Amino acid sequence: MENIAVYCGAATGNDEIYSLGAKKLGQWIVENNYGLTYGGGRFGLMGVVADSVLENNGFVHGIITKELASRELSHNTLSKLDIVSDMSERKQAMLNDSVANIALPGGPGTLEEISEAFSWTIVGDSTNPCIFYNVDNYYDELASFFDSMTAKGFMEEQTRKTLLFSDSLPEIGEFIKSYTPPTLRNYEK
């Protein structure tokens, strides 16, 4: 079984729509014969998406750091839980254990993790598609910022097309199936 890495926070936000989006994503993962790889926590959208996959008889692989596990933040009923030394090891393990990366609404940690995953695809260290699940237009301003990066010459247009912002799970599924990693950039001397 192939897994999808989902990046999300240990908070649920202040609107129920974010938890509903996480539940829908968990159901969609199972319905499309994927497993879930995520940060291993039991709180916030992390717990919501994991519980949704588990409630639908899916596979959940949590990867959590020693420090976070020592604070008793781990989800207790996962299919598999790995405890790693630090965040760098966790991010690498999540990429290695997945075929796609999806960010639910979240805070700085969520943004940092999906941004790093996308950066790794740009430099050729990963071939996983990166997607912002844009629940209730949460990531609209970030999508505009990526468009601005492109318009101002800091990202190639073809590379920008390899990053999806969408609130449509069918569109996300099609993007994963038809994904081609960005072409490695040629640097002129």
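**Helix packing and burial**

Guide: In this predicted model, helix 1 (residues 16-31) packs with helix 8 (residues 169-178) at an angle of about 45°, and their axes are 11 Å apart.

Visitor: Why is helix 1 called oblique to helix 8?
Guide: Roughly parallel needs an angle under 35 degrees, and roughly perpendicular runs from 65 to 115. The angle here is about 45°, so helix 1 counts as oblique to helix 8. The crossing of helix 1 with helix 8 is right-handed.

Visitor: Which residues make the contact between helix 1 and helix 8?
Guide: Helix 1 brings Lys24, Leu25 and Trp28, while helix 8 brings Leu169, Ile172, Gly173 and Ile176. Sorted by class, that contact has 5 nonpolar, 1 polar and 1 charged residues.

Visitor: What makes Ser19 count as buried?
Guide: Buried means under 20% relative accessible area. Ser19, which lies in helix 1, has 7% relative accessibility and therefore counts as buried. Leaving aside residues up to four places away in sequence, Ser19 touches Thr12, Leu45 and Val48.

Visitor: How far does helix 2 reach from its first C-alpha to its last?
Guide: Helix 2 (residues 44-55) reaches 16 Å, close to the 16 Å expected at 1.5 Å a residue. After helix 2 comes Asn57, with a positive phi near 60°.

Methods:
Residues are numbered from 1 along each chain as its sequence is written. This is a predicted model: local features need pLDDT of at least 70, side-chain atom pairs count only at pLDDT 80 or more; totals for chains, interfaces and linings use all residues. Side-chain values use heavy atoms; hydrogens and water are left out. Axes are lines fitted to C-alpha atoms, for helices over the stretch in contact, and angles run from 0 to 180 degrees between N-to-C directions. Helices (H or I, at least four residues) and strands (E, at least two) are DSSP runs, numbered from the N terminus. Angles under 35 degrees count as roughly parallel, over 145 as roughly antiparallel, 65 to 115 as roughly perpendicular and the rest as oblique. A crossing is left-handed if the near helix is turned anticlockwise from the far one by less than a right angle, and right-handed if clockwise. Contact means heavy atoms within 4.5 Å. Ala, Val, Leu, Ile, Met, Phe, Trp, Tyr, Cys and Pro count as nonpolar, Asp, Glu, Lys and Arg as charged, and the others, Gly among them, as polar. Buried means under 20% relative accessible area, exposed over 50%, partly exposed in between (1.4 Å probe, protein chains only). The expected span of a helix is 1.5 Å times one less than its number of residues.
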